[in-house]
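The sequence and structure come before the description.

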Amino acid sequence: MTSSSTPGLARFNTLADHEAAAALHEVCASAAWGRRILSGRPYTTAEALFSASDTATAALDAADLAEAMAGHPPIGRPKPGDPTSSREQRGMAGATEELRAEMLELNLAYQERFGHVFLICATGATGEQMRDALKARSGNSPEQERGHVRTELGKINRIRLNRLVAEEE
């Protein structure tokens, strides 16, 4: 939806700064990202908002990226009581105990190697697809992995922003 008349986008554009900042923090835990998005309001279209998100994500420095990743729980262990991480990680909901144990082991090895959680846009992915991506990306160099993390964060931010500005209240 790209019309400026969408109720969700109009609502986002007119939120008080502190309310918009809180909503944006739920999308991405990086304060720098949130400030960049907040400073661009009002957005005339959802696509303009998504484009601003992409630009803000690309501009994150290492500390900002670490702050953003800190807001994401490990795959297979969504934050208790957090409907967003549970919804996004739905592909792990029916995972076997073997797959859960394997993901835990792989997540820990990844975190030890790279110093942060494995970040993937899990929406629509099966547990096996997430495991396979984790295995494949574990062999990346730190530089390659930072690129993957930034790409995945951008996808997640777009999905979450889309939910934020959806027409329904």
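Axes here are lines fitted to C-alpha atoms, for helices over the stretch in contact, and angles run from 0 to 180 degrees between N-to-C directions. Helices (H or I, at least four residues) are DSSP runs numbered from the N terminus. The model is predicted, so that local features need pLDDT of at least 70 and side-chain atom pairs count only at pLDDT 80 or more, while totals for chains, interfaces and linings use all residues. Residues are numbered from 1 along each chain as its sequence is written, and side-chain values use heavy atoms, with hydrogens and water left out.

**Helix packing**

Two packed helices are described by the angle between their axes and the distance between the axes.

| Helix pair | Angle between axes | Distance between axes |
|---|---|---|
| α3 (residues 31–39) and α4 (residues 46–58) | about 145 degrees | 9 Å |
| α2 and α3 | about 130 degrees | 9 Å |
| α7 (residues 97–114) and α8 (residues 127–137) | about 30 degrees | 10 Å |

A crossing is called left-handed if the near helix is turned anticlockwise from the far one by less than a right angle, and right-handed if clockwise. Contact means heavy atoms within 4.5 Å. For residue classes, Ala, Val, Leu, Ile, Met, Phe, Trp, Tyr, Cys and Pro count as nonpolar, Asp, Glu, Lys and Arg as charged, and the others, Gly among them, as polar.

The crossing of α3 with α4 is right-handed. On the α3 side the contact involves W33, R36 and I37, and on the α4 side L49, A52, S53, A56 and T57. Five nonpolar, two polar and one charged residues make up this contact. The loop between α3 and α4 contains P42, and the peptide bond joining R41 and P42 is cis, with omega of about 0 degrees.

The crossing of α2 with α3 is right-handed. From α2, the residues D17, A20, A21, L24 and V27 meet W33, G34, I37 and L38 of α3. That contact comprises seven nonpolar, one polar and one charged residues.

Helices α7 and α8 are roughly parallel to each other, and α7 passes α8 in a left-handed crossing. Here L99, E102, M103, L106, N107, Y110 and F114 of α7 face G127, E128, M130, R131, L134, K135 and R137 of α8 in the contact. By class, the α7 and α8 contact holds seven nonpolar, two polar and five charged residues.

**Pocket and cavity**

On a 1 Å grid over the protein atoms alone, a cavity is a set of points where a 1.4 Å probe fits but cannot get out, and a pocket is an open set with protein on both sides within 12 Å along at least five of seven lines; lining residues have an atom within 4 Å of a point. Grid points are joined across faces, edges and corners, and a volume is the space filled by probe spheres set on the points.

One cavity of 30 Å³ or more is present, and the largest cavity has a volume of about 120 Å³. Of its 15 lining residues, H72, I75, E88, Q89 and I120 are closest to the centre. Helices α6 and α9 (142–164) each contribute at least two residues to the cavity lining. This lining divides into nine nonpolar, four polar and two charged residues.

Notes: Angles under 35 degrees count as roughly parallel, over 145 as roughly antiparallel, 65 to 115 as roughly perpendicular and the rest as oblique.
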